[in-house]
Amino acid sequence: MSLHLIFMGTPEFAVPTLRALHEHGHKIVAVYTRAPKPAGRGLKLQPTPVEQEARRLNLRVLTPTTLKTPEAEAEFRAHDAHAAVVVAYGLILPQAILDAPKYGCFNLHASLLPLWRGAAPINRAVMEVDAKSGVMVMKMDAGLDTGDVARTNRKRTAKITNKMTAGDLHDKLAFLGADLMTWAMDALERGKLRFKKQKDEKLSYATKIEKTEALINWNQPRTAVLRRINGLSPFPGAWCETQIESELVRLKILRCSLVPGRRRKSLPAPGTLLDDRLAIACQDGAIRILELQRAGKQPMKAEEFLRGTPLKPPARLD
C-alpha cells in the first residue's frame, strides 16, 4: 500500500523529489508551494517550479501565505496524510502542522547535518572550501534543522571540486535527494525508517547570503577567491567593476579556474589583469575567468566576451 503524502516545496531543487515520489506510486494528496510572483519584462505572475510540475502531474496545488491560522491547520489536517515531505518550501511550519500527519513531517536538507543548518547550505559548502556535501532526511521539529536524521547505509554525498559551482552542486544534490527521500518513504511505509540524533559538536550554520558578500575581494588567497566566486554562481553572482571605454562596468563572474605556477612575489597588486585571457592576480597566485556576465547582458564564455571587449594588462578589476 502506498503512502498518502503532502508535498511541500517551491524551487527547482524540490522538483526531482516530487516527481520521484509520484512515479514511485505514493499518492500525493496535496502540493503546497509559494504563491506565483511577478517575473520577466511583463511582470506576469510566474508559478513556482514545483507548482508547474504538480500541475503537469495533475496534482492539487495550494499556495497559502501562512500556515499559522486555524483555517490553514484545519485544511492541512483534512488531507489525512500519512506524512508530509518538505523540500525547500519557504514557510515556517508551526507545531500544529508538524503534528498533523500520522507519521510526521520529513525534510530533505542539502547538507551533511549538523553541518550547514539554515538557509544557504549549498552556497556555504562551496564558499568555505568543504571537500564534500550531501543530502539527509530529517524528521522535523520546531527547531532550525535540529530534528533527528534518518539512518541509512546508502551514502548520498558529492565531492566538491574547485571546478564546481553552487549551481553544479545544487543539480547533483537535487537528484541524490530525490533518491534518498524515495528510499526514506519506502522505509517508512514498511515501518523500517530509523533515526539518530545529530551530533551538535559538528554544528555550523549556513546563514542567508548577504548582498555585501558578492563583491569580490582579490586580496585573498586564490582558492578562497575561486570558491567565493563558485559558491555564488549562478545566483546572486560574485561581481567586480572595471573601466571599459571610459565607462565603469560591473562584471558578474560565473566560473573560473586556478592559474598554476604563479608566485606572489612575481605578481602585481591583487585585482590586476595579468594577460589578455582574463587571468587576475590574487594574494598568493591567480585565477582565470572562464564565464562572466556584463550588466544587462547574457552570460557568456570569456573568449566571446573578449572578442567584443578586449581587456589587457595592466587593467584592474576592483
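Buried means under 20% relative accessible area, exposed means over 50%, and partly exposed is in between, with a 1.4 Å probe and protein chains only. By that scale, Leu43 is exposed at 58% relative accessibility. Leu43 is not a glycine, yet its phi is positive, about 50°. The residue sits in the loop between strand 3 (37–39) and strand 4 (44–46).

This is a predicted model, in which local features need pLDDT of at least 70 and side-chain atom pairs count only at pLDDT 80 or more, while totals for chains, interfaces and linings use all residues. Residues are numbered from 1 along each chain as its sequence is written, and side-chain values use heavy atoms, with hydrogens and water left out.

## Overall build

The protein chain has eight helices and 19 strands. Helices (H or I, at least four residues) and strands (E, at least two) are DSSP runs, numbered from the N terminus. Along the principal axes, the C-alpha atoms fill a box of roughly 65 × 50 × 30 Å. Of the 318 residues in the protein chain, 50% are buried. Contact means heavy atoms within 4.5 Å. Among contacts between residues at least 6 apart in sequence, 67% join residues at least 24 apart.

## Backbone features

Ala88 also has a positive phi of about 50° although it is not a glycine. It lies in the loop between strand 6 (83–87) and helix 4 (95–99). Ala88 is partly exposed, at 40% relative accessibility.

One joins Leu113 and Pro114, with omega about 10°. Pro114 is in the loop between strand 7 (105–109) and strand 8 (117–118). Another runs from Phe235 to Pro236, with omega near 0°. Pro236 is in the loop between helix 7 (222–231) and strand 15 (238–244).

## Helix packing

Helix 1 (residues 15–23) packs on helix 6 (residues 166–189) at an angle of about 35°, and their axes are 8 Å apart. Axes are lines fitted to C-alpha atoms, for helices over the stretch in contact, and angles run from 0 to 180 degrees between N-to-C directions. Helix 1 contributes Pro16, Thr17, Ala20 and Leu21 to the contact; helix 6 contributes Ala174, Phe175, Gly177, Ala178, Met181, Thr182 and Met185.

In helix 7, the buried residues include Val225, Leu226 and Ile229. Arg227 of helix 7 is buried as well. The buried residues of this helix pack against helix 5 (121–127), helix 6, strand 15, strand 16 (247–259) and strand 18 (286–294).

## Charged pairs

What links charged side chains here? Side chains of opposite charge can pair when their charged atoms come close. A salt bridge is a side-chain nitrogen of Lys or Arg within 4 Å of a carboxyl oxygen of Asp or Glu. The structure holds 15 of them.

| Salt bridge | N to O distance |
|---|---|
| Glu53 and Arg56 | 2.7 Å |
| Arg255 and Asp168 | 3.0 Å |
| Asp318 and Arg316 | 2.8 Å |

Glu53 and Arg56 both lie in helix 2 (residues 49–56), three residues apart, about one turn of the helix. Glu53 is buried, with a relative accessible area of 7%. Arg56 is exposed, at 53%.

The side chains of Arg255 and Asp168 also meet in a salt bridge. Arg255 is in strand 16 and Asp168 in helix 6, so the pair ties together parts that are 87 residues apart in sequence. Arg255 is partly exposed at 22%, and Asp168 is partly exposed at 28%. Asp168, Arg255, Glu291 and Lys301 are linked in a network of salt bridges.

Asp318 is partly exposed at 47% relative accessible area.

Asp145 lies in the loop between strand 10 (136–139) and strand 11 (149–150). Asp145 is buried yet has no salt bridge. The nearest side chain of opposite charge is Arg117, 6.5 Å away. Lys and Arg count as positive and Asp and Glu as negative; His and the chain ends are not counted. Leaving out residues up to four places away in sequence, Asp145 touches Asn107, His109, Leu113, Arg117, Gly118, Met138 and Gln198.
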